Amino acid sequence: MTAKKTTQPTSAGAPRSIAPEVAEQVAEQLTPVVIDLMALATDGKQAHWHVRGPAFQDVHELLDVVVVNARNAADLAAERVIAMGAAIDARSGTVGKKATTPAIAEGFLTTEQAITEIVGVIDATLVTVRAAIDALEEIDPVSQDTAIQIAAGLDKDRWFLAAHLPTS
Ligand SMILES: [Fe+2]
């Protein structure tokens, strides 16, 4: 009878196969992604509340879908880092200081303005996610896969929003 192999946790319950320095490098790449996604979730809600005009109901509801997707994507990236044994800083103050997303306009927004503003926030987030995808290629393919999934989701949300804009 062979002895049952047990997996002893290393630091913070991380799998033994993951070196702490790899976890730290992944945290370095995915933290900016989480921060921008949290900013997108906040600004998406702001736009959801303040949008008015043609196709109100559609755009109002779609913005909430974007918010839920951004939160879920942030959760996916953050939990990948935690699963590897590293910590993440996505406190509200840190998000406010470090997000690369553009500030959106204050107050009420036409449907076109709301879409344009949030598409701009998604575009900035995608730049951050694409940089993480490139860097993670050499660091950890599993974490890179997480970033790829997030980029695909953002591309789709961007499309759904932008499809409401008049074609020029
Ligand atoms: Fe609502």
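Tutor: A residue counts as buried if 20 or more other C-beta atoms lie within 10 Å of its own, as exposed if 12 or fewer do, and as partly exposed in between; please also keep in mind that this is a predicted model.

Student: OK, so is A55 buried, exposed or in between?

Tutor: A55 has 13 other C-beta atoms within 10 Å, and therefore it is partly exposed. This residue sits in the loop that links β1 (51-52) to α2, and its phi is near 60°, a positive value in a residue that is not glycine.

Student: Where does a positive phi turn up just after α2?

Tutor: That is at G85, which takes a positive phi of about 100° just after the helix.

Student: And α2 itself, what span should it have?

Tutor: Helix α2 covers residues 56-83, and because its 28 residues should span 40 Å at 1.5 Å a residue, the 40 Å between its end C-alpha atoms agrees with expectation.

Student: How far does α1 reach?

Tutor: Helix α1, with 31 residues (20-50), reaches 44 Å from its first C-alpha to its last, which is close to the 45 Å expected.

Student: How does α1 pack on α4?

Tutor: The axes of α1 and α4 (residues 111-136) are 9 Å apart and meet at an angle of about 170°. Angles over 145 degrees count as roughly antiparallel, so α1 is roughly antiparallel to α4. The residues of this contact divide into 17 nonpolar, four polar and three charged.

Student: Switching to V129, buried or exposed?

Tutor: V129 is buried, because 29 other C-beta atoms lie within 10 Å. Leaving out residues up to four places away in sequence, V129 touches V33, A147, I150, A151 and L154. Its C-alpha is also 9.7 Å from that of Q144, a residue 15 places away in sequence.

Student: What about A162, which residues does it contact?

Tutor: A162, in helix α5 (residues 141-162), is in contact with I115 and V119 once its neighbours within four places in sequence are left aside. A162 and I118 are 44 residues apart in sequence, yet their C-alpha atoms are 9.5 Å apart. With 14 other C-beta atoms within 10 Å, A162 is therefore partly exposed.

Notes: Residues are numbered from 1 along each chain as its sequence is written. This is a predicted model: local features need pLDDT of at least 70, side-chain atom pairs count only at pLDDT 80 or more; totals for chains, interfaces and linings use all residues. Helices (H or I, at least four residues) and strands (E, at least two) are DSSP runs, numbered from the N terminus. The expected span of a helix is 1.5 Å times one less than its number of residues. Two residues are in contact if their C-beta atoms, placed from the backbone, lie within 7 Å. Axes are lines fitted to C-alpha atoms, for helices over the stretch in contact, and angles run from 0 to 180 degrees between N-to-C directions. Angles under 35 degrees count as roughly parallel, over 145 as roughly antiparallel, 65 to 115 as roughly perpendicular and the rest as oblique. Ala, Val, Leu, Ile, Met, Phe, Trp, Tyr, Cys and Pro count as nonpolar, Asp, Glu, Lys and Arg as charged, and the others, Gly among them, as polar.
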